[in-house]
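These are my notes on a structure that is new to me. I put down what I looked up, entry by entry.

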Amino acid sequence: MKLTYTLPDNLDTEIDELEDMIGRFKKSEVSPTEMKVHRVPFGVYEQRKKDTYMVRIRCGGAIVRPDQLEKIAELSKQYAADWIHVTSRQEIQMHYVDLDNIVPVIRGLKTVGLSPRGGGGNTVRNIMAQEDAGIAQDEVFDVSPYAVALTTRMIEEPDSWNLPRKFKIAFSGSSDDRGYATIHDVGFIAKMKDGKKGFKVYVGGGMGAKTELSRLFLDFAPEDQVYAITKAVKTVFYKHGNRRNKHAARLRFLWKTLGEEEVFRLINEEYDAVKKENPPPLAIEDIDNVAANLDLPVEAVADTKDYETWQMRFVRQQKQKDTFTVILPLHLGHMSNDQAVKLAQFLKPFGENVIRMAKDQNFLLRNIPGKYLPNVYTFLKATMDNFNRPYIIDKMLACAGASTCQLGICLSPNATMATRRVLEGADLALDAAQDIKINVSGCPNSCGQHHAADLGFFGKVARKGDKVYPAYNVVAGAIIRDGESKFAEKVGDVPARDLPNLVRDFIGVYVSKKSDYKSHEDYIQTQGKEDLKAICAKYKNVPDFDTDKNYYFDWGEEKPFSVAERGKGECSAGMFDLLEMDLGNIQITRKCIEELTDKDSIQQKQQLLKDVVFYSARTLLLTRGIEPKSEQEMYDGFKEHFIQTGLVDASCGDLLKIAASGNYEDLLSKENEVHALGDRIKFLYDHMNNAFEFKIPGQEEKPAAAPQAPAAANAEKSSSKVVKDFRGVACPMNFVKTKMELAKINSKELLEIWLDDGAPIDNVPGSVREEGHNIVEQKKVDDYWSVVIEKQ
Amino acid sequence: MDLTEEQLERYSRHIILQDVSVEGQEKIMNGKVLIIGTGGLGAPAALYLAAAGVGTLGLVDGDVVDLSNLQRQVIHFTPDVGKPKVFSAQEKIAQINPDVKVITHNKRVFADNIADIIKDYDFVLDGTDNFAAKFLINDACVLEKKPFSHGGILRFDGQTMTYVPGEACYRCVFNSPPPKGAVPTCSQAGVLGAIAGMLGTMQAAEVLKYLVGKGDLLTNRLLIFNALRMDFRTVKVKKNPDCPVCGNNPTITTLVDEEQPVCDLKR
């Protein structure tokens with residue numbers, strides 16, 4: 001039985017490289033950007049507290065073994081915060097790790113077969129499986145072995161670490177889609193056909209600032225095709241994903257830029273290509289779910305009433321006879337290191353296959369023999385905090401929020417905590433509402449999964465007079481189920497201050513009306529949304545700052561609310577950051593040369609000239625898939641890919657030779673050529689499209705050497721609506737770009753543009769209208785505007 | 001054709017114009033324009049057409065830059081004195097707009113070479129300073145069915161008209177060059193430098209309108225201005241059925257050189 005994924009052979013080398021890079025970073029030989037580009041795909045994120053890092057550990061199929069949990073907790077004790085964190089992607093995170101401790105942590109994890117590789121950045125992220133796979137009454141078959149085997153395969157492949165953006169895969173065992181297959185980049189839902197195992201395959205969905213449901217790719221694919229299909233979709237994404245615009249990079253944006261037909265055609269093309277290579281199917285080993293035969297005395301329970309309540313709240317019968325799953329609620333996914341060690345040690349006798357992580361950030365303890373439930377109860381009661389609270393309280397899901405996330409707007413965990421206090425103090429039958437899924441995100445990115453909630457919130461900035469205050473959009477009524485999936489819809493908004501009251505009111509109303517409806521879903525889809533609107537209206541009025549300052553402070557904050565410190569996201573450290581850094585190096589060095597005076601030595605000048613050649617040669621090499629290990633390798637690569645291809649003038653060959661020779665004196669007489677080389681690199685960069693092809697006016701197209709298809713030209717054409725993000729583009733260039741896009745589409749076709757508030761929205765639509773085009777829709781989305789134009 | 005980020009910005013003030021837009025700018029960028037004479041008229045015209053992003057600019061001139069040229073021929077600078085005008089102009093164009101491809105013809109036009117020179121261009125701009133060349137350009141363009149812009153300046157006066165095949169040509173209006181000595185040359189009569197700029201840029205505007213395909217060209221109209229009075233007017237002209245080159249029974253069917261150019265004081 002292969003319960004967890006297998007680490008790739010080259011992991012040691014990669015860890016060594018990371019170690020080397022950290023060493024050089026500390027000596028300032030490596031820039032923070034360069035460091036970031038290596039660090040983030042390793043699942044290591046910088047936290048808001050400077051020079052501390054979070055390590056996100058991959059747990060394929062939501063599985064962690066007790067011995068692994070114990071090791072994580074021990075490492076956390078030694079090197080990180082005094083708690084660990086379970087994510088909504090079914091992983092475990094360690095927080096506040098110092099730079100020096102990153103590598104020891106990663107090496108420690110490796111001893112128990114774990115790695116954070118791919119935990120962040122533009123990578124294949126943790127592969128999810130529904131948390132009750134293998135034990136659910138309704139499942140077609142156990143999908144976790146597929147998630148585990150696919151993880152093993154994906155993390156062996158180098159292109160998994162260098163995608164245009166993150167790439168998420170999930171498995172569900174039944175059409176109830178508890179693995180969220182219908183909102184992933186690639187989603188598999190177990191299905192039987194003619195007695196054979198297989199999957200219904202969905203692609204191109206996801207949650208975020210722009211959510212999108214996945215689209216059905218195959219109604220049935222035999223089980224041995226899981227790898228080939230994933231590989232095909234990944235390759236299409238690798239080739240066609242928009243690498244330049246982080247906000248439009250996920251696979252799901254291809255629906256708009258290429259059109260559904262073209263995307264499916266491309267996937268099929270790659271799928272055929274993969275099939276021709278005939279890769280071995282995934283090595284699937286069934287995972288047993290059996291209650292262990294323990295030689296353990298059964299403990300007696302003192303408080304039977306409390307025990308029964310606990311059973312009602314947290315114990316679920318598995319499809320295996322007399323075998324149970326225990327929900328272990330972790331408030332906001334947190335568990336102390338000590339608790340984790342104790343839990344791991346307690347669980348070891350129950351076998352290896354006893355822990356899963358649920359996407360609501362709780363632990364699930366499975367394969368517990370019925371007779372030992374009292375033992376589990378007694379252990380948890382003695383070990384865990386806030387034991388046996390109504391499930392709805394800890395089921396509430398929140399993203400990390402603005403305290404640790406550089407993108408956050410609101411402090412979602414604090415709002416959630418405040419809600420918990422309000423609920424605990426309210427006289428409500430909370431257990432009657434335990435089906436309700438309440439999710440809170442601090443910003444429009446869907447890390448808190450508000451789009452998938454019964455009642456969801458996502459943070460925003462609201463204004464009253466000249467003051468800003470924290471607030472949340474209120475959404476409701478998501479359904480995630482094969483063929484029926486839909487995201488939660490906006491029903492209103494609420495000041496952060498009143499969020500807990502809104503939740504309390506809603507639960508009160510639900511509990512009182514519940515008996516009239518078939519299910520909580522039935523209620524929310526019909527009356528629930530109306531009730532919520534009414535509740536939102538109740539909290540509409542925000543008092544002035546002078547009347548009640550509390551509204552202008554986020555939960556748990558001592559300073560008035562501000563978004564000034566919001567940083568740029570860490571998530572998308574990518575290739576373009578690196579390229580731009582080297583371009584900047586070229587410019588800076590050239591400026592230094594200009595500013596040299598007679599007092600400066602000639603050696604200084606020749607060194608600077610050499611640096612220009614060095615950076616020029618390095619800048620674009622990445623786009624050809626080359627990461628040179630030595631300077632000579634770099635010059636050789638540049639010669640092969642840029643000089644021999646005619647992209648750069650052959651005369652530059654001499655410059656490289658001099659630079660490589662170590663004696664830079666001869667560069668002095670070639671100063672002009674050195675500058676021309678710098679200019680040429682900038683020129684090439686400016687004329688490079690997202691597929692790294694150079695589109696030089698008046699010249700034949702030079703295709704990229706990397707495996708790139710004719711992407712960009714097609715990408716711009718589409719039968720459906722094209723969306724262009726002109727946020728951050730000032731007047732009148734936003735109008736110029738709009739006209740450029742309009743020129744590409746046919747009459748009556750639609751173009752959606754995003755514009756900043758202020759002058760852009762005041763001017764551009766009017767100018768567009770003046771030219772005879774039709775403004776179909778103009779609406780404010782968060783802090784920007786979406787304008788839909790129909791071409792004349 | 002996809003404009004690059006840089007081009008979008010460079011040409012943004014064109015693109016914003018409803019009558020130009022992206023499509024018009026692309027036409028400009030695909031345009032091939034021949035400027036005959038890189039002197040008073042050709043210099044400003046070449047500068048503006050280069051700045052506008054005309055894809056290919058052909059330059060014809062056999063002269064070298066003279067110190068006396070610099071008062072009005074603004075594409076040439078003091079250090080260029082003695083340099084062939086086409087090369088001097090080419091260097092400036094490269095600096096204004098490296099997107100523009102420049103083809104130089106370091107020679108004068110004559111009956112035996114003009115047809116070959118103009119054949120690859122979409123539009124010809126006459127920036128010459130003598131009647132022989134002006135009539136030769138007219139005849140060649142009529143015979144080759146090339147649109148062109150005529151321009152002439154003297155003292156404080158300027159005139160221009162635009163020919164497109166089928167409409168009135170220069171000979172429809174002026175049958176043949178004036179007798180030698182009847183009209184003084186620039187070198188004899190003088191010219192206000194700025195009016196070269198005024199007329200050359202009008203011609204450039206006509207070229208751009210033609211390339212973009214918008215507006216009313218100066219066809220069948222002769223624009224005349226006097227800068228002393230600052231008086232502008234247009235005179236209607238008609239296609240002449242008896243025109244020796246484009247009339248019903250043309251007598252000019254092959255190109256011949258008219259009498260030697262008159263603006264030859266320096267040689």
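Which residue of chain B forms a salt bridge with A:Lys737, and how far apart are the closest N and O atoms? I looked up the pair and found B:Glu5, with the closest N and O atoms 2.2 Å apart. I keep in mind that this is a predicted model.

Entry on the two chains. I counted one salt bridge between chain A and chain B. I also counted six residue pairs in polar contact between chain A and chain B, both residues being at pLDDT 80 or more. I then asked which element of chain A gives the most to the side that touches chain B. I found helix α22, residues 733-744, which supplies eight residues. By class, I sorted the residues on that side of chain A into seven nonpolar, one polar and seven charged. For contacts, I noted 15 residues of chain A against 19 residues of chain B. The area that chain A and chain B bury between them came to about 1400 Å², and carbon and sulfur atoms carry 64% of it.

Entry on the backbone. Most residues other than glycine have a negative phi, and most peptide bonds are trans, so I looked for exceptions. I found a cis peptide bond between A:Cys731 and A:Pro732, where omega is about 0 degrees. I placed A:Pro732 in the loop of chain A that runs between β20 (722-725) and α22. I also noted A:Gln361, which is not a glycine but has a positive phi of about 65 degrees. I located A:Gln361 in a loop as well, between β13 (355-357) and β14 (363-369) of chain A.

Entry on salt bridges. How many does a search of the whole structure find over all chains? I wrote down 64. Among them I picked out the one in which the side chains of A:Arg590 and A:Asp679 meet, at 2.8 Å from N to O. This pair links distant parts of the chain, 89 residues apart. I traced A:Arg590 to helix α16 (residues 575-594) and A:Asp679 to helix α20 (residues 671-686), both in chain A.

Entry on cavities. With a cut-off of 30 Å³ or more, I counted one cavity. The space in the largest cavity is about 40 Å³. Which residues line the largest cavity? I listed A:Lys210, A:Thr211, A:Glu212, A:Arg252, A:Phe253 and A:Lys256. By class, I have four charged residues, one polar and one nonpolar in that lining.

Definitions and conventions: Residues are numbered from 1 along each chain as its sequence is written. Chains are lettered from A and ligands numbered from 1 in the order in which they are written. This is a predicted model: local features need pLDDT of at least 70, side-chain atom pairs count only at pLDDT 80 or more; totals for chains, interfaces and linings use all residues. Side-chain values use heavy atoms; hydrogens and water are left out. On a 1 Å grid over the protein atoms alone, a cavity is a set of points where a 1.4 Å probe fits but cannot get out, and a pocket is an open set with protein on both sides within 12 Å along at least five of seven lines; lining residues have an atom within 4 Å of a point. Grid points are joined across faces, edges and corners, and a volume is the space filled by probe spheres set on the points. Ala, Val, Leu, Ile, Met, Phe, Trp, Tyr, Cys and Pro count as nonpolar, Asp, Glu, Lys and Arg as charged, and the others, Gly among them, as polar. Contact means heavy atoms within 4.5 Å. Buried area is the accessible area (1.4 Å probe) that two parts lose on being put together, summed over both. A salt bridge is a side-chain nitrogen of Lys or Arg within 4 Å of a carboxyl oxygen of Asp or Glu. A polar contact is a pair of N or O atoms within 3.5 Å; within protein, one must be able to donate a hydrogen and the other to accept it, and residues adjacent in sequence count only if both atoms are side-chain atoms. Helices (H or I, at least four residues) and strands (E, at least two) are DSSP runs, numbered from the N terminus.
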